[in-house]
Amino acid sequence: MTTASTVKTEYEAIIGLETHCQLSTNTKIFSNSSTAFGSDPNTNIDPVCMGLPGVLPVLNQKVLEYAVKAGLALNCQIAKYSKFDRKQYFYPDLPKNYQISQYDLPIAEHGWLEIELVDAEGNPTRKRIGITRLHMEEDAGKLVHAGSDRLSGSSYSLVDYNRAGIPLVEIVSEPDLRSGLEAAEYAEELRRIVRYLGVSDGNMEQGSLRCDVNISVRPVGRKEFGTKVEIKNMNSFSAIQRAIDYEIERQIAAIEAGDRIIQETRLWQEGAQCTSSMRVKEGSSDYRYFPEPDLAPIEVSNEQLEKWRSELPELPAQKRHHYESELGLSAYDARVLTEDRSIAEYFETAIASGANAKAAANWITQDIAAHLNKQKLTITQIGLTPTNLADIITRIETGKISNAQAKEKLPDLLSGISPEKAFAGQELITDPSVLEPIVDEVIAANPKELEKYRNGNTNLKGFFVGQVLKKTGKRADPKLTNELVEKKLNA
(Lines give C-alpha, C1' and ligand atoms only; values in the text may rest on other atoms or scores of the structure.)
Protein backbone atom coordinates (compact mmCIF):
# COMPACT_ATOMS: atom_id res chain seq x y z
CA MET A 1 0.00 0.00 0.00
CA THR A 2 1.31 3.44 -0.99
CA THR A 3 1.24 6.00 1.80
CA ALA A 4 1.68 9.78 1.69
CA SER A 5 5.18 9.39 3.14
CA THR A 6 6.30 7.15 0.25
CA VAL A 7 5.00 9.32 -2.58
CA LYS A 8 7.93 11.06 -4.22
CA THR A 9 7.52 14.83 -4.46
CA GLU A 10 7.78 16.26 -7.96
CA TYR A 11 9.59 19.57 -8.31
CA GLU A 12 9.75 22.22 -10.98
CA ALA A 13 12.43 24.83 -11.56
CA ILE A 14 11.69 28.55 -11.78
CA ILE A 15 14.39 30.22 -13.86
CA GLY A 16 15.08 33.77 -14.96
CA LEU A 17 18.11 35.24 -16.71
CA GLU A 18 19.89 38.56 -16.27
CA THR A 19 21.88 39.19 -19.43
CA HIS A 20 24.51 41.89 -19.84
CA CYS A 21 25.10 42.76 -23.47
CA GLN A 22 27.96 45.04 -24.55
CA LEU A 23 26.87 47.47 -27.24
CA SER A 24 28.98 47.77 -30.39
CA THR A 25 29.59 51.50 -30.26
CA ASN A 26 32.99 52.91 -31.20
CA THR A 27 33.28 54.92 -27.99
CA LYS A 28 32.24 54.44 -24.38
CA ILE A 29 28.88 55.30 -22.87
CA PHE A 30 29.92 58.59 -21.22
CA SER A 31 33.27 59.47 -22.85
CA ASN A 32 35.23 59.32 -26.12
CA SER A 33 37.62 56.48 -25.27
CA SER A 34 37.70 53.56 -27.70
CA THR A 35 35.80 50.36 -27.01
CA ALA A 36 38.17 48.24 -29.14
CA PHE A 37 38.64 44.71 -27.75
CA GLY A 38 42.15 43.35 -27.22
CA SER A 39 44.02 46.65 -26.77
CA ASP A 40 46.98 46.79 -24.42
CA PRO A 41 45.83 47.09 -20.79
CA ASN A 42 44.86 50.57 -19.60
CA THR A 43 45.23 52.27 -22.97
CA ASN A 44 41.53 52.91 -23.71
CA ILE A 45 40.94 55.07 -20.64
CA ASP A 46 40.20 58.73 -19.83
CA PRO A 47 39.37 60.92 -16.81
CA VAL A 48 35.62 60.18 -17.12
CA CYS A 49 35.77 56.39 -17.07
CA MET A 50 38.48 56.57 -14.39
CA GLY A 51 36.23 58.69 -12.18
CA LEU A 52 38.69 61.52 -11.65
CA PRO A 53 37.47 64.55 -9.67
CA GLY A 54 35.66 67.31 -11.54
CA VAL A 55 34.78 65.36 -14.70
CA LEU A 56 31.25 65.13 -16.09
CA PRO A 57 29.71 62.25 -18.07
CA VAL A 58 27.91 62.89 -21.40
CA LEU A 59 25.58 60.21 -22.77
CA ASN A 60 26.63 58.67 -26.08
CA GLN A 61 23.63 59.15 -28.42
CA LYS A 62 24.37 55.85 -30.17
CA VAL A 63 23.96 53.99 -26.87
CA LEU A 64 20.44 55.36 -26.50
CA GLU A 65 19.62 54.42 -30.11
CA TYR A 66 20.91 50.86 -29.69
CA ALA A 67 19.11 50.40 -26.35
CA VAL A 68 15.79 51.60 -27.80
CA LYS A 69 16.15 49.37 -30.87
CA ALA A 70 16.92 46.37 -28.65
CA GLY A 71 13.88 47.21 -26.54
CA LEU A 72 11.66 47.45 -29.62
CA ALA A 73 12.98 44.14 -30.97
CA LEU A 74 12.07 42.55 -27.62
CA ASN A 75 8.52 43.92 -27.88
CA CYS A 76 9.08 46.23 -24.90
CA GLN A 77 7.30 49.43 -24.02
CA ILE A 78 9.80 52.25 -24.54
CA ALA A 79 9.75 54.86 -21.77
CA LYS A 80 9.10 58.40 -22.95
CA TYR A 81 10.93 59.53 -19.80
CA SER A 82 13.75 57.68 -18.05
CA LYS A 83 16.81 58.53 -15.99
CA PHE A 84 20.17 57.28 -14.77
CA ASP A 85 20.98 56.35 -11.16
CA ARG A 86 24.06 55.73 -9.09
CA LYS A 87 24.46 52.16 -7.87
CA GLN A 88 26.87 52.19 -4.93
CA TYR A 89 29.32 49.38 -4.39
CA PHE A 90 33.05 48.95 -3.96
CA TYR A 91 35.10 46.72 -6.20
CA PRO A 92 38.73 47.21 -7.28
CA ASP A 93 37.86 47.41 -11.00
CA LEU A 94 35.16 50.08 -10.46
CA PRO A 95 37.18 53.33 -10.19
CA LYS A 96 34.36 55.60 -9.00
CA ASN A 97 33.09 53.10 -6.37
CA TYR A 98 29.67 53.46 -7.96
CA GLN A 99 28.18 52.41 -11.28
CA ILE A 100 25.96 54.63 -13.41
CA SER A 101 22.94 52.47 -14.19
CA GLN A 102 19.14 52.75 -14.35
CA TYR A 103 16.95 51.69 -11.43
CA ASP A 104 13.28 52.63 -11.13
CA LEU A 105 12.81 54.30 -14.53
CA PRO A 106 14.52 52.07 -17.14
CA ILE A 107 14.43 52.79 -20.86
CA ALA A 108 12.31 49.69 -21.69
CA GLU A 109 9.92 47.35 -19.85
CA HIS A 110 7.24 44.68 -20.27
CA GLY A 111 8.39 42.82 -23.39
CA TRP A 112 8.85 39.25 -24.57
CA LEU A 113 10.77 37.08 -26.98
CA GLU A 114 9.87 33.74 -28.52
CA ILE A 115 12.01 30.64 -28.19
CA GLU A 116 11.63 27.59 -30.42
CA LEU A 117 12.70 24.11 -29.36
CA VAL A 118 12.91 21.37 -32.00
CA ASP A 119 12.53 17.75 -30.85
CA ALA A 120 14.27 14.67 -32.27
CA GLU A 121 11.51 14.25 -34.88
CA GLY A 122 11.94 17.84 -36.04
CA ASN A 123 8.72 19.15 -34.48
CA PRO A 124 8.97 22.73 -33.18
CA THR A 125 7.55 23.92 -29.87
CA ARG A 126 7.30 27.67 -29.35
CA LYS A 127 7.10 29.55 -26.08
CA ARG A 128 7.05 33.22 -25.16
CA ILE A 129 9.42 34.33 -22.42
CA GLY A 130 8.59 37.61 -20.73
CA ILE A 131 11.10 40.46 -20.53
CA THR A 132 10.79 42.41 -17.28
CA ARG A 133 13.05 45.29 -18.26
CA LEU A 134 15.98 46.50 -20.34
CA HIS A 135 18.19 49.27 -19.00
CA MET A 136 21.44 51.03 -19.90
CA GLU A 137 24.54 51.08 -17.72
CA GLU A 138 28.32 51.22 -17.82
CA ASP A 139 30.61 48.22 -17.52
CA ALA A 140 33.30 47.84 -14.86
CA GLY A 141 36.96 47.05 -15.54
CA LYS A 142 38.58 43.64 -15.39
CA LEU A 143 40.69 41.96 -12.72
CA VAL A 144 43.46 39.64 -13.86
CA HIS A 145 44.44 37.23 -11.08
CA ALA A 146 47.96 35.77 -11.07
CA GLY A 147 48.27 32.10 -10.19
CA SER A 148 44.52 31.41 -10.34
CA ASP A 149 41.47 32.24 -12.46
CA ARG A 150 39.77 33.76 -9.39
CA LEU A 151 40.75 35.82 -6.38
CA SER A 152 40.96 32.81 -4.07
CA GLY A 153 44.32 31.13 -4.59
CA SER A 154 45.94 33.97 -6.56
CA SER A 155 49.20 35.58 -5.44
CA TYR A 156 48.30 39.07 -6.70
CA SER A 157 45.81 40.80 -9.00
CA LEU A 158 46.17 43.34 -11.81
CA VAL A 159 43.47 45.77 -12.94
CA ASP A 160 42.72 46.59 -16.58
CA TYR A 161 40.36 49.57 -16.89
CA ASN A 162 39.91 49.34 -20.68
CA ARG A 163 36.45 47.82 -20.18
CA ALA A 164 35.38 50.45 -17.63
CA GLY A 165 32.68 52.64 -19.20
CA ILE A 166 31.89 50.33 -22.13
CA PRO A 167 28.12 50.60 -22.72
CA LEU A 168 25.87 47.77 -21.61
CA VAL A 169 22.23 46.95 -21.72
CA GLU A 170 21.03 44.62 -19.00
CA ILE A 171 18.06 42.49 -20.04
CA VAL A 172 16.09 40.86 -17.24
CA SER A 173 13.67 38.05 -18.08
CA GLU A 174 10.54 37.05 -16.25
CA PRO A 175 10.86 33.73 -14.33
CA ASP A 176 9.18 31.89 -17.22
CA LEU A 177 11.92 29.35 -17.97
CA ARG A 178 11.60 25.82 -16.62
CA SER A 179 14.73 23.95 -17.73
CA GLY A 180 18.36 24.36 -18.64
CA LEU A 181 17.48 23.68 -22.29
CA GLU A 182 14.90 26.50 -22.36
CA ALA A 183 17.33 28.90 -20.69
CA ALA A 184 20.12 28.11 -23.16
CA GLU A 185 17.73 28.61 -26.08
CA TYR A 186 16.53 31.92 -24.60
CA ALA A 187 20.13 33.15 -24.38
CA GLU A 188 20.84 32.01 -27.94
CA GLU A 189 17.73 33.76 -29.26
CA LEU A 190 18.73 36.93 -27.44
CA ARG A 191 22.13 36.77 -29.11
CA ARG A 192 20.53 36.24 -32.52
CA ILE A 193 18.38 39.32 -32.01
CA VAL A 194 21.19 41.69 -30.97
CA ARG A 195 23.34 40.43 -33.84
CA TYR A 196 20.53 40.93 -36.36
CA LEU A 197 20.11 44.46 -35.05
CA GLY A 198 23.85 45.10 -35.29
CA VAL A 199 23.87 46.52 -31.75
CA SER A 200 26.26 43.88 -30.35
CA ASP A 201 28.56 41.13 -31.60
CA GLY A 202 27.27 38.85 -28.82
CA ASN A 203 30.62 37.06 -28.40
CA MET A 204 30.46 35.19 -25.10
CA GLU A 205 34.14 34.23 -25.31
CA GLN A 206 35.07 37.94 -25.29
CA GLY A 207 32.55 38.83 -22.59
CA SER A 208 30.26 40.78 -24.92
CA LEU A 209 27.33 38.66 -23.74
CA ARG A 210 27.25 37.54 -20.11
CA CYS A 211 24.37 35.67 -18.51
CA ASP A 212 23.58 35.27 -14.82
CA VAL A 213 20.92 32.73 -13.87
CA ASN A 214 18.41 33.08 -11.04
CA ILE A 215 16.98 29.68 -10.13
CA SER A 216 14.78 28.15 -7.47
CA VAL A 217 12.76 24.95 -7.20
CA ARG A 218 9.32 24.26 -5.73
CA PRO A 219 6.95 21.31 -5.51
CA VAL A 220 4.73 21.08 -8.57
CA GLY A 221 1.43 22.83 -7.86
CA ARG A 222 2.75 25.27 -5.28
CA LYS A 223 2.33 28.95 -6.21
CA GLU A 224 5.03 30.42 -3.95
CA PHE A 225 8.57 30.52 -5.31
CA GLY A 226 11.41 28.78 -3.52
CA THR A 227 14.55 30.58 -2.32
CA LYS A 228 16.39 32.04 -5.30
CA VAL A 229 20.05 31.32 -6.02
CA GLU A 230 22.12 33.21 -8.60
CA ILE A 231 24.71 31.44 -10.77
CA LYS A 232 27.58 33.32 -12.45
CA ASN A 233 30.66 32.47 -14.54
CA MET A 234 29.04 30.69 -17.49
CA ASN A 235 30.82 31.39 -20.77
CA SER A 236 28.82 29.27 -23.22
CA PHE A 237 25.24 28.24 -23.90
CA SER A 238 26.02 24.63 -23.08
CA ALA A 239 27.52 25.77 -19.76
CA ILE A 240 24.28 27.63 -18.96
CA GLN A 241 22.30 24.43 -19.55
CA ARG A 242 24.67 22.23 -17.55
CA ALA A 243 24.91 24.68 -14.65
CA ILE A 244 21.13 24.92 -14.37
CA ASP A 245 20.64 21.17 -14.61
CA TYR A 246 23.22 20.66 -11.86
CA GLU A 247 21.73 23.35 -9.63
CA ILE A 248 18.21 21.94 -9.98
CA GLU A 249 19.42 18.56 -8.75
CA ARG A 250 21.49 20.16 -5.96
CA GLN A 251 18.57 22.17 -4.62
CA ILE A 252 16.13 19.25 -4.79
CA ALA A 253 18.61 16.99 -2.97
CA ALA A 254 19.15 19.64 -0.29
CA ILE A 255 15.41 20.10 0.25
CA GLU A 256 14.84 16.34 0.40
CA ALA A 257 17.60 16.08 2.99
CA GLY A 258 15.92 18.73 5.15
CA ASP A 259 18.53 21.44 4.48
CA ARG A 260 17.63 25.09 3.94
CA ILE A 261 18.41 26.80 0.60
CA ILE A 262 19.96 30.21 1.26
CA GLN A 263 19.82 33.19 -1.10
CA GLU A 264 23.35 33.41 -2.42
CA THR A 265 25.52 33.84 -5.48
CA ARG A 266 27.22 30.68 -6.74
CA LEU A 267 29.90 30.15 -9.38
CA TRP A 268 29.82 27.51 -12.09
CA GLN A 269 33.03 25.46 -11.97
CA GLU A 270 33.56 24.23 -15.52
CA GLY A 271 36.29 21.78 -14.63
CA ALA A 272 34.40 20.15 -11.76
CA GLN A 273 30.99 20.54 -13.48
CA CYS A 274 29.38 21.89 -10.33
CA THR A 275 28.40 25.15 -8.62
CA SER A 276 30.11 26.51 -5.53
CA SER A 277 29.17 29.28 -3.10
CA MET A 278 30.65 32.72 -3.79
CA ARG A 279 28.82 35.17 -1.49
CA VAL A 280 25.50 35.88 0.15
CA LYS A 281 23.30 37.70 -2.34
CA GLU A 282 22.93 41.47 -1.95
CA GLY A 283 19.55 43.18 -2.15
CA SER A 284 18.73 46.40 -3.97
CA SER A 285 18.80 48.31 -0.67
CA ASP A 286 22.49 47.45 -0.29
CA TYR A 287 23.28 49.47 -3.40
CA ARG A 288 21.75 52.73 -2.04
CA TYR A 289 20.48 53.88 -5.43
CA PHE A 290 19.83 57.57 -5.99
CA PRO A 291 19.33 59.66 -9.18
CA GLU A 292 22.57 60.44 -11.03
CA PRO A 293 23.04 64.22 -10.50
CA ASP A 294 25.43 64.74 -13.42
CA LEU A 295 23.12 63.42 -16.17
CA ALA A 296 19.85 64.93 -17.30
CA PRO A 297 16.76 62.70 -17.65
CA ILE A 298 16.14 61.09 -21.04
CA GLU A 299 13.12 61.89 -23.19
CA VAL A 300 12.42 59.99 -26.41
CA SER A 301 10.06 61.77 -28.81
CA ASN A 302 7.42 59.92 -30.82
CA GLU A 303 9.15 60.97 -34.05
CA GLN A 304 12.51 59.61 -32.94
CA LEU A 305 10.93 56.39 -31.68
CA GLU A 306 9.14 55.73 -34.97
CA LYS A 307 12.30 56.47 -36.96
CA TRP A 308 14.24 53.88 -34.99
CA ARG A 309 11.36 51.42 -35.25
CA SER A 310 11.35 51.79 -39.05
CA GLU A 311 15.05 50.82 -39.16
CA LEU A 312 14.54 47.43 -37.51
CA PRO A 313 15.23 44.40 -39.73
CA GLU A 314 13.05 41.31 -39.94
CA LEU A 315 14.04 39.32 -36.85
CA PRO A 316 14.94 35.61 -36.52
CA ALA A 317 11.56 34.42 -35.17
CA GLN A 318 9.70 36.23 -37.98
CA LYS A 319 11.98 34.65 -40.56
CA ARG A 320 11.51 31.17 -39.07
CA HIS A 321 7.72 31.52 -39.27
CA HIS A 322 7.99 32.73 -42.88
CA TYR A 323 10.36 29.95 -43.96
CA GLU A 324 8.26 27.22 -42.37
CA SER A 325 4.74 28.37 -43.27
CA GLU A 326 5.30 30.01 -46.66
CA LEU A 327 8.38 28.27 -48.07
CA GLY A 328 7.62 24.83 -46.62
CA LEU A 329 11.00 24.36 -44.95
CA SER A 330 11.49 22.14 -41.92
CA ALA A 331 11.93 23.71 -38.51
CA TYR A 332 15.55 22.50 -38.54
CA ASP A 333 16.35 24.12 -41.89
CA ALA A 334 14.63 27.36 -40.86
CA ARG A 335 16.64 27.45 -37.65
CA VAL A 336 19.99 26.90 -39.38
CA LEU A 337 19.25 29.48 -42.07
CA THR A 338 18.21 32.15 -39.57
CA GLU A 339 21.05 31.59 -37.12
CA ASP A 340 23.03 34.36 -38.81
CA ARG A 341 21.59 37.36 -40.63
CA SER A 342 24.10 37.12 -43.50
CA ILE A 343 23.12 33.48 -44.15
CA ALA A 344 19.42 34.38 -44.17
CA GLU A 345 20.07 37.24 -46.59
CA TYR A 346 22.15 34.94 -48.84
CA PHE A 347 19.31 32.40 -48.87
CA GLU A 348 16.67 35.02 -49.62
CA THR A 349 18.72 36.49 -52.46
CA ALA A 350 19.08 33.02 -54.00
CA ILE A 351 15.29 32.57 -53.77
CA ALA A 352 14.71 35.98 -55.34
CA SER A 353 17.07 34.92 -58.17
CA GLY A 354 14.85 31.95 -59.00
CA ALA A 355 16.19 29.12 -56.84
CA ASN A 356 13.87 26.49 -55.40
CA ALA A 357 13.64 27.16 -51.64
CA LYS A 358 14.24 23.58 -50.49
CA ALA A 359 17.12 23.04 -52.91
CA ALA A 360 18.76 26.32 -51.87
CA ALA A 361 18.32 25.39 -48.20
CA ASN A 362 19.97 22.01 -48.78
CA TRP A 363 22.98 23.52 -50.55
CA ILE A 364 23.47 26.22 -47.91
CA THR A 365 22.95 24.06 -44.80
CA GLN A 366 24.95 21.09 -46.08
CA ASP A 367 27.68 21.53 -48.71
CA ILE A 368 28.29 25.26 -48.28
CA ALA A 369 28.06 25.04 -44.47
CA ALA A 370 30.62 22.20 -44.46
CA HIS A 371 33.02 24.37 -46.48
CA LEU A 372 32.50 27.36 -44.18
CA ASN A 373 33.16 25.26 -41.08
CA LYS A 374 36.24 23.63 -42.53
CA GLN A 375 37.78 26.86 -43.78
CA LYS A 376 36.50 28.98 -40.83
CA LEU A 377 34.85 31.44 -43.19
CA THR A 378 31.61 33.38 -43.18
CA ILE A 379 29.18 33.15 -46.08
CA THR A 380 30.12 36.66 -47.17
CA GLN A 381 33.70 35.50 -47.77
CA ILE A 382 33.02 32.86 -50.43
CA GLY A 383 33.13 33.45 -54.18
CA LEU A 384 29.84 31.67 -54.90
CA THR A 385 27.24 34.41 -55.07
CA PRO A 386 23.59 33.64 -54.23
CA THR A 387 22.70 34.47 -57.84
CA ASN A 388 25.16 31.88 -59.11
CA LEU A 389 23.81 29.33 -56.62
CA ALA A 390 20.35 29.93 -58.10
CA ASP A 391 21.85 29.40 -61.58
CA ILE A 392 23.34 26.05 -60.50
CA ILE A 393 20.06 24.86 -58.99
CA THR A 394 18.16 25.84 -62.15
CA ARG A 395 20.68 23.95 -64.33
CA ILE A 396 20.15 20.82 -62.20
CA GLU A 397 16.35 21.11 -62.25
CA THR A 398 16.24 21.65 -66.02
CA GLY A 399 18.51 18.68 -66.65
CA LYS A 400 21.45 20.63 -68.03
CA ILE A 401 23.80 19.25 -65.37
CA SER A 402 23.53 16.58 -62.70
CA ASN A 403 23.68 17.03 -58.96
CA ALA A 404 26.89 14.99 -58.96
CA GLN A 405 28.47 17.34 -61.50
CA ALA A 406 27.56 20.35 -59.41
CA LYS A 407 29.08 18.83 -56.26
CA GLU A 408 32.24 17.88 -58.16
CA LYS A 409 32.66 21.46 -59.35
CA LEU A 410 31.71 23.03 -56.02
CA PRO A 411 35.31 23.87 -54.95
CA ASP A 412 35.78 25.84 -58.19
CA LEU A 413 32.40 27.53 -57.79
CA LEU A 414 33.14 28.48 -54.17
CA SER A 415 36.39 30.09 -55.28
CA GLY A 416 34.44 32.40 -57.59
CA ILE A 417 34.43 30.62 -60.96
CA SER A 418 31.14 31.26 -62.75
CA PRO A 419 28.72 28.41 -63.56
CA GLU A 420 29.12 29.20 -67.28
CA LYS A 421 32.86 28.57 -67.08
CA ALA A 422 32.67 25.66 -64.62
CA PHE A 423 30.16 23.71 -66.72
CA ALA A 424 31.35 24.69 -70.20
CA GLY A 425 31.10 21.58 -72.39
CA GLN A 426 29.63 19.64 -69.47
CA GLU A 427 25.94 19.69 -70.42
CA LEU A 428 24.17 16.41 -69.81
CA ILE A 429 23.45 14.06 -72.68
CA THR A 430 19.67 13.76 -72.56
CA ASP A 431 19.04 12.44 -76.08
CA PRO A 432 18.16 8.70 -75.98
CA SER A 433 19.38 8.25 -79.55
CA VAL A 434 22.85 9.36 -78.44
CA LEU A 435 22.93 7.34 -75.23
CA GLU A 436 21.47 4.06 -76.55
CA PRO A 437 24.49 3.06 -78.67
CA ILE A 438 26.80 3.78 -75.74
CA VAL A 439 24.70 1.57 -73.44
CA ASP A 440 24.75 -1.22 -76.06
CA GLU A 441 28.52 -0.90 -76.35
CA VAL A 442 29.04 -1.13 -72.56
CA ILE A 443 26.80 -4.20 -72.24
CA ALA A 444 28.55 -5.91 -75.18
CA ALA A 445 31.94 -5.25 -73.61
CA ASN A 446 30.98 -6.96 -70.33
CA PRO A 447 29.44 -10.37 -71.14
CA LYS A 448 30.41 -11.97 -67.80
CA GLU A 449 28.68 -9.24 -65.79
CA LEU A 450 25.65 -9.50 -68.11
CA GLU A 451 25.38 -13.24 -67.46
CA LYS A 452 25.64 -12.72 -63.67
CA TYR A 453 22.95 -10.06 -63.81
CA ARG A 454 20.57 -12.29 -65.73
CA ASN A 455 21.28 -15.10 -63.26
CA GLY A 456 19.90 -12.96 -60.45
CA ASN A 457 22.68 -10.57 -59.40
CA THR A 458 20.62 -7.44 -60.15
CA ASN A 459 22.97 -5.24 -58.10
CA LEU A 460 25.22 -5.25 -61.16
CA LYS A 461 22.89 -2.74 -62.76
CA GLY A 462 24.88 -0.06 -60.92
CA PHE A 463 28.08 -1.37 -62.52
CA PHE A 464 26.69 -0.88 -66.03
CA VAL A 465 25.33 2.58 -65.20
CA GLY A 466 28.74 3.54 -63.80
CA GLN A 467 30.48 2.35 -66.96
CA VAL A 468 28.17 4.47 -69.12
CA LEU A 469 28.79 7.54 -66.94
CA LYS A 470 32.53 6.89 -67.11
CA LYS A 471 32.48 6.52 -70.88
CA THR A 472 30.61 9.83 -71.26
CA GLY A 473 32.73 11.76 -68.78
CA LYS A 474 29.77 11.80 -66.33
CA ARG A 475 27.72 13.71 -68.89
CA ALA A 476 25.09 11.02 -69.33
CA ASP A 477 21.77 11.96 -67.74
CA PRO A 478 21.69 9.64 -64.68
CA LYS A 479 17.93 9.11 -64.77
CA LEU A 480 17.81 8.36 -68.49
CA THR A 481 20.89 6.15 -68.21
CA ASN A 482 19.25 4.07 -65.48
CA GLU A 483 16.13 3.61 -67.58
CA LEU A 484 18.04 2.59 -70.73
CA VAL A 485 20.41 0.23 -68.88
CA GLU A 486 17.52 -1.54 -67.11
CA LYS A 487 15.60 -1.84 -70.38
CA LYS A 488 18.58 -3.33 -72.25
CA LEU A 489 19.59 -5.70 -69.42
CA ASN A 490 16.09 -7.11 -69.17
CA ALA A 491 15.54 -7.38 -72.92
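Is glutamate 65 buried or exposed? Its relative accessibility is 12%, so glutamate 65 counts as buried (buried is under 20% relative accessible area, exposed over 50%, partly exposed in between, with a 1.4 Å probe and protein chains only). Keep in mind that this is a predicted model, where local features need pLDDT of at least 70, side-chain atom pairs count only at pLDDT 80 or more, and totals for chains, interfaces and linings use all residues. Residues are numbered from 1 along each chain as its sequence is written, and side-chain values use heavy atoms, with hydrogens and water left out.

**Around glutamate 65**
- Glutamate 65 sits in helix H1, residues 61–73 (helices are DSSP runs of H or I with at least four residues, strands runs of E with at least two, numbered from the N terminus).
- Setting aside neighbours within four places in sequence, glutamate 65 touches Trp308 and Glu311 (contact means heavy atoms within 4.5 Å).
- Glutamine 304 is 239 residues away from glutamate 65 in sequence, yet their C-alpha atoms are 9.2 Å apart.

**Helix H5**
- In H5 (residues 316–325), the buried residues are Pro316, Ala317, Lys319, Arg320, Tyr323 and Glu324.
- They span an arc of only 160 degrees around the axis, which puts them on the same side of H5 (the arc is taken from the directions from the helix axis to the C-beta atoms).
- The cover over these buried residues includes strands E6 (108–118) and E7 (124–138), plus helices H2 (180–197), H6 (331–338) and H7 (341–352).

**Tyrosine 156**
- Tyrosine 156 belongs to strand E9, residues 156–160.
- With a relative accessible area of 49%, tyrosine 156 is partly exposed.
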